[in-house]
Amino acid sequence: MTTADEPNPLRAARFWRAATALDHLPPDDGAEVAFAGRSNAGKSSAINTLTGQAALARVSKTPGRTQELLFFCLDERRRLVDLPGYGYAATSAARRRDWGETIPAYFAARQCLRGLLLFMDVRHPLQVGDRQLLAIAGELALPVQPVLTKADKLGRGALNSALRSVERALAEYPAVLPALPLSSLNGAGAQALRRQVLAWLAEDAAAG
Ligand code: GDP
């Protein structure tokens, strides 16, 4: 079943700017939700699916942009932030260090950051970089929504068992929501994720 007829406010997302370093970040106001994951986890496809825009994540795939933080605006106060992918074997040691410092510093610096979507391939969840990110988010009490991508690669039984085993492993981390499956191939799971992103972004108004 699809919910394609439900309105999608994330469709308003537009690429705004890239930040190469923390002193290039936009003003720390309004509300932000960040997207993280290992390279190839399906993060770009998920951004396209969630925003309903095939062209949007092309920005993320532009060579040379892969280590930047990419800001997408919904409006003047609500942003999505695409964080550098990590864990790819071909990534140089220097670049690994880059994300190792940039992402935690970004988390710590942003008062406006409401939550983190952590994208993991359903067949290879909770790799080293994912666990490091969960630990960092836990220290900062940053809410995390784990997303198991490429859910269409598994049958229903295998998918449920993957969800349960991730659930058990995540029990040790605080502030982590139940994992949600996503298929960017057929859109399954997208609406539940959109609702979470929008709920976080709405916390701007609640915070005054
Ligand atoms: P990123 O590096 O995390 O941004 O990953 P991409 O979005 O570029 O996806 C990596 C590969 O996985 C690409 O070949 C995608 O077509 C594929 N992929 C991503 N999401 C899905 C999905 O939901 N289902 C399937 N079957 N393949 C996917």
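Which ligand atom is 2.9 Å from a polar backbone atom of Gly42? An oxygen atom of the ligand. The legends below start with the whole chain and return to that site at the end.

This is a predicted model, in which local features need pLDDT of at least 70, side-chain atom pairs count only at pLDDT 80 or more, and totals for chains, interfaces and linings use all residues. Residues are numbered from 1 along each chain as its sequence is written, and side-chain values use heavy atoms, with hydrogens and water left out.

**View 1. The whole protein: 6 helices and 7 strands.**
Helices (H or I, at least four residues) and strands (E, at least two) are DSSP runs, numbered from the N terminus. From that end the elements run β-β-α-β-β-α-β-α-β-α-β-α-α. Of the 208 residues, 47% count as buried. Buried means under 20% relative accessible area, exposed over 50%, and partly exposed in between (1.4 Å probe, protein chains only). Contact means heavy atoms within 4.5 Å. Among contacts with a separation of 6 or more, 77% join residues 24 or more positions apart.

**View 2. The sheet: 7 strands in the order E1-E3-E4-E2-E5-E6-E7.**
The sheet is open and its pairing is mixed. Two strands pair if DSSP finds at least two bridges between them. Strand E1 (14–19) and strand E7 (180–181) stand at the edges. Each has a single partner strand, so one side of each is left without a neighbour in the sheet. Strands of a sheet pair through backbone hydrogen bonds, either parallel or antiparallel.

**View 3. Strand pairs around E3 and E4.**
E1 and strand E3 (residues 69–73) run antiparallel and are joined by 5 bridges. Here Arg17 has Phe71 of E3 as its bridge partner. E3 and E4 are also antiparallel, over 4 bridges. A hairpin of 4 residues links E3 to E4, and Cys73 stands opposite Arg79 in E4. E2 and E4, by contrast, run parallel, with 5 bridges between them. E4 is mostly covered, with 4 of its 5 residues buried.

**View 4. Helices H1 and H3 on the sheet.**
Helix H1 (residues 43–51) lies across strand E2 (31–37), strand E4 (78–82) and E5. H1 runs at about 140° to E2. H3 packs on the sheet too, touching E2, E5 and E6. The direction of H3 makes about 165° with that of E5. Axes are lines fitted to C-alpha atoms, for helices over the stretch in contact, and angles run from 0 to 180 degrees between N-to-C directions.

**View 5. The largest nonpolar core has 34 residues.**
A nonpolar core is a set of buried Ala, Val, Leu, Ile, Met, Phe, Trp, Tyr and Cys residues joined through side-chain atoms within 4.5 Å. Leu69, Leu83, Tyr106, Phe107, Leu116, Leu133 and Leu134 touch the most other members. Two or more residues each come from E2, E3, helix H2 (93–109), E5, H3, E6 and helix H4 (156–170). H4 gives the most, with 5 residues. Beyond its neighbours within four places in sequence, Leu69 contacts residues including Arg17, Leu25, Val81, Leu83, Thr102 and Tyr106. Another core, of 23 residues, lies apart; among its members are Val33, Val147, Trp200 and Leu201.

Most residues other than glycine have a negative phi. Leu126 is buried, at 9% relative accessible area. Ala141 is exposed, at 55%.

**View 6. Gln196 in helix H5 (residues 190–201).**
Gln196 is buried because its relative accessible area is 18%. Leaving aside its neighbours within four places in sequence, Gln196 contacts Gln145 and Leu177.

**View 7. The ligand site: 15 residues surround the ligand.**
A residue is near a molecule if one of its heavy atoms lies within 4 Å of it. The closest are Asn40, Ser44, Ser45, Asp152 and Ser184. A polar contact is a pair of N or O atoms within 3.5 Å. A polar side-chain atom of Asp152 is 2.7 Å from a nitrogen atom of the ligand. A backbone N or O atom of Ser184 is 2.7 Å from an oxygen atom of the ligand. A polar backbone atom of Gly42 lies 2.9 Å from a ligand oxygen atom.

Note on methods
A polar contact is a pair of N or O atoms within 3.5 Å; within protein, one must be able to donate a hydrogen and the other to accept it, and residues adjacent in sequence count only if both atoms are side-chain atoms.
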